[in-house]
Structures are given as structure tokens and as C-alpha cells.
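Here is a short report for a first look at a structure. Keep the model in view as you read.

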Amino acid sequence: MVDQNKLYSIWVYLQAEPLFWLTLTIGSYIIADIIYRKSNLFPLLNPVAISVLLVSSILIFFDIRYERYFDGAKFIHFLLGPATVALAIPIYKTWDLIILNCRAIFISLIIGSSFSIIVTYGLSLYFDLQDKLILSLLPRSVTTPIAMGISELIGGIPSLTAIITLITGVIGASLGIFVFDLMKLKKMEARGFGLGLTSHGIGTARAMSKNKNAGVFAAVGMGLSGLITSILVPLFLKMIL
Amino acid sequence: MLNSIFAIFLFQLIGEFIQKFFELSVPGPVIGLILLLSVLLILKKYNLTPKNFEDKLVNSSENLLNYLPLFFMPVGVGVVMHLSLIEENLVSVVFIIILGTLLTLALTGFIMEKLFQDKNKNGRSK
């Protein structure tokens, strides 16, 4: 017979240590990644969405506070910063291609990124959302570490921005192809750039799986929109206030 | 591997320092990204890139970026904390995201389709 009290005291000990939460986080991600691959990279089964749902359900089911979880999982969270710096590498590797099309990229970048901010703000006003929620929505088109950084700086809620950014990524990656077909866009580079600029890493992964040139331009769009949006959002807020 | 990790951490550290020191609105890691990119491009321009170093840095970065989605998880789970804030606005927030995303996709793709030139057309002018 297993001693229930002993098991409980072990659980109390383990749940106070990072090891348990790190194992749970990585394990959930591996499961979500397997589901994603088995589904032939079906965009709505995005590994981040699935693994976050998995961990959240466990936390809610066992009535565990988020702070307790984050205290353990923060070691994984820490790697977001270095990963952002590492984004310099794909940009560096495609630099020649950027220079070749710098005018086209620059114009699409400025108009696309500004439009994303303005349309989000306009729709938020229309729906009369709270300020904190609007601020969390504004940087939603860029890669999550940058979006969260912007959100924190302008007074939004970074974790809310992370989820909004995630939804933006999944929606762009799954519905983008229908929009492009409807508009009869023929150039793979244009499709890729749109996906990367609007739906960051999730859109880039989608573009990469469809066409290599689309993937490269998605990576360029993602990297540059991250840079320009972190300048445009604070600028936009200064202009309207 | 260790050298590359050190380089990436160092650039982030410098980026964070610059962000705090000049009170910039650009996140520290993004400044680190720009600095690293600039250094790499300058080194390349003067043919100073240590061959090994670049290979290692590329490898480490790609390894790191392979698991990028994983690093979003701890914060992603934070939505548990803010369910109440989004709950009453859930429908409008999702609507804003869908409409905003599709419009931005359409506009950006359209402009790029009109402006993009491939190599052949550019090569002709020289």
C-alpha cells in the first residue's frame, strides 16, 4: 500500500522546485510538436498554442497559481532575449537579397507595419476597449519577444500581448493563403513578405514549408517589422496623445 | 558553442545597457540584434570574419531559433492570469485580430507584388 501522506509531501517538495515545471513545460512542448508534425504541419495545431493550452489546463485543474509555475519556468523564459539577438543571423544571411530589393522592402515595410498598428488601434476604439488592452494589442504583428518588449515599455500586459501575438500568427498562417489566392498574388516573395511582416515566426514557418523564396522573404519581413514596429508603436502613441 | 553563447549574451547585455542608459523605447534585445548584425556586416565588408567563428555563431543561433516557440510558453501560460481581462472582450479582440491580420496581409502582399523585382530585371540595367 502506498503511503498517501508520503506521496503528498513529496509533491509539496517537488512543486516548489523549478525542475518539475521545466520538465512539464518541455514535455508539453514535445507532445504538442509531435501532434503538429503528425497533422502535416496543420497551422491551427500550432505547437505553441497546443502546449500552452496543455500547461494552462493542468494549472487550472490542480489549482496552481501562475506565479508558482513561472518561478520554475522562468529559466526557459530567459532564453527569449538571447533568441531575439540570434535573429540577427537569418537577417545577416539574407542581407544580399535585402539590398537587392531594398526599395520594395522599405516601402512595403513602412506601409504594412504602419497599417497594422493603425487598423488595430482604429478597430480597438470602435469596440471601446480598455487602454491596457489596446496597448497590449498594438505590437501584435511582430515576433513575440519584440512584441512583449514593446508591450512592457508602453504599459501593456506582456503576457496578454504574447497570446494576442500568437493568435495573430496562427490566423495569418492559416488564412493567409486564402487571401493571397483571392487577390491572385503570383510572386512567392510577396506572399512570403506579407506573411512574415504580419504573422512573424508562425507565418515564416508556414511560408518556408511552401516555398523557399517565400520563406526567405518572410524571414526578412519578420525581422525588419520587428525593428520598425518597436520604433513605430511608441512614435504612434506620442502622435495621438 | 560556448563562444557563440557568450557573444549572444554579451550583445544582449550591451543592448540592455544602452536601452536603460539612453532610456530608449526599443527593447534591449532588439538593440543587441542591431549591434550584432552591424558588427557582422562590418566584419564581412573588411573580410575580417573569422571563418570558424561565423560557422559556430550560425550554428548556435539556428539551434536556439529552432526552439523559439518553446521560449514563448512560460509567458503564454500567463494568459491564465489575464483571462478575466480578455473574457468580457474576447469576441471583439478575436474579431480585431482576424480583420486586422487579413487586411494587413492583403495590403502588404499587394504592395510587394507590385514593387518586387527579380534579379534578371535588375541585371539588365548594368
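## Ground rules

This is a predicted model: local features need pLDDT of at least 70, side-chain atom pairs count only at pLDDT 80 or more, and totals for chains, interfaces and linings use all residues. Residues are numbered from 1 along each chain as its sequence is written, while chains are lettered from A and ligands numbered from 1 in the order written.

## The chain

Chain A has 13 helices and 0 strands. Helices (H or I, at least four residues) and strands (E, at least two) are DSSP runs, numbered from the N terminus. The C-alpha trace spans about 70 × 45 × 35 Å along its principal axes.

Of the 241 residues in chain A, 54% are buried (20 or more other C-beta atoms within 10 Å of the residue's own, with C-beta atoms placed from the backbone).

## Two domains

Chain A is assigned domain 1 (4-78) and domain 2 (85-240); the bounds come from an automatic or database domain assignment. Their centres, taken over C-alpha atoms, are 28 Å apart.

In domain 1 of chain A, 6 residues are in contact with 7 residues of domain 2 of chain A. Contact means C-beta atoms, placed from the backbone, within 7 Å.

## One helix pair

Helix H2 (residues 18-38) and helix H4 (residues 66-78) of chain A have axes that come within 8 Å and cross at roughly 65 degrees. Axes are lines fitted to C-alpha atoms, for helices over the stretch in contact, and angles run from 0 to 180 degrees between N-to-C directions.

On the H2(A) side, the contact includes Phe20(A) and Trp21(A). On the H4(A) side, it includes Tyr69(A) and Phe75(A).

Technical notes
A residue is buried if 20 or more other C-beta atoms lie within 10 Å of its own, exposed if 12 or fewer, and partly exposed in between; C-beta atoms are placed from the backbone. Two residues are in contact if their C-beta atoms, placed from the backbone, lie within 7 Å.
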